[in-house]
Amino acid sequence: MRKILLTLLLSSLPLFAAAQLQVGIMNPQQVLEALPEMDQVRTDLESFVEQRQQEFTTEYSSWIESMTEFDELVEQGILSGSEREEREEELREREQALGTLEQQIRTRIQQRQSQLLSPIMDRVETTMEEIAEQHGLDIVINELTSEGEPIVYFSSEEGVRNITQEVIQQLVSN
């Protein structure tokens with residue numbers, strides 16, 4: 001009987017500790033959408049992406065033209081065996097260069113996005129910490145899980161405070 005009582009007592013200790021834990025929730029996507037500077041970030045990022053797409057399209061079009069020209073020369077029988085092999089190798093190298101360019105462009109877009117969002121995310125994090133401190137929250141959990149964040153389930157709303165609107169209000173008023 002003593003062992004059962006001790007086991008029950010020890011297993012319920014985390015429940016007592018969790019009951020004192022103050023948890024808040026926040027919707028970061030809603031916060032970001034409410035910030036006026038996000039319109040400029042979207043515009044800047046769209047412009048950047050458009051420029052990179054144009055850069056890739058130019059290179060891709062040039063490669064397609066070269067492929068078409070090569071096919072025409074092959075059909076006409078103008079190229080010798082060695083010329084044909086040389087051109088095929090050149091076209092393969094250009095195709096590989098296109099793949100490399102595409103990857104570089106993706107990386108540059110991600111870097112630009114990070115560069116544009118980093119100062120905003122720093123402000124959001126600082127504001128969230130300030131508000132969590134004001135309310136005595138121990139943890140603030142992401143309300144959404146659409147982007148692969150850890151999923152957290154609540155058995156009760158007790159002790160949980162949604163601070164999304166307060167974060168938005170303080171960010172917009174600063």
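Colleague: Hi! Is Arg123 buried, exposed or partly exposed?
Modeller: Arg123 counts as partly exposed, at 31% relative accessibility. Buried means under 20% relative accessible area and exposed over 50%, with partly exposed in between (1.4 Å probe, protein chains only).

Colleague: Thanks! What should I know about the model itself?
Modeller: This is a predicted model, where local features need pLDDT of at least 70 and side-chain atom pairs count only at pLDDT 80 or more, while totals for chains, interfaces and linings use all residues. Residues are numbered from 1 along each chain as its sequence is written, and side-chain values use heavy atoms, leaving out hydrogens and water.

Colleague: Back to Arg123, then. Which residue does the side chain of Arg123 meet in a salt bridge?
Modeller: Arg123 meets Glu37, at 2.3 Å from N to O. A salt bridge here is a side-chain nitrogen of Lys or Arg within 4 Å of a carboxyl oxygen of Asp or Glu.

Colleague: What about Arg106, which side chain does it meet?
Modeller: Arg106 forms a salt bridge with Glu102, at 3.2 Å from N to O. Both sit in helix H4, four residues apart, which is about one turn of the helix. There is also a network: Arg52, Glu55 and Arg108 are joined by salt bridges that share partners.

Colleague: New topic! How many helices and strands does the protein have?
Modeller: It has five helices and three strands. Both are DSSP runs numbered from the N terminus: helices are H or I with at least four residues, and strands are E with at least two. From the N terminus on, the order is α-β-α-α-α-β-β-α.

Colleague: How do the residues of strand E1 point?
Modeller: Strand E1 covers residues 23–26, with Val23 and Ile25 pointing one way and Gly24 and Met26 the other way. All of them are buried, and Met26 has a relative accessibility of 5%.

Colleague: Which strand is joined to E1?
Modeller: That is strand E2 (residues 139–142), which runs parallel to E1 and is joined to it by four bridges. Two strands pair if DSSP finds at least two bridges between them. The bridge partner of Val23 in E2 is Ile139. Met26 and Ile141 are 115 residues apart in sequence, yet 6.3 Å apart in space, C-alpha to C-alpha.

Colleague: What share of the protein's residues count as buried?
Modeller: Of its 174 residues, 22% do.

Colleague: Last one: where is Asp122, and how accessible is it?
Modeller: Asp122 belongs to helix H4 (residues 81–134) and is partly exposed, with a relative accessible area of 45%.
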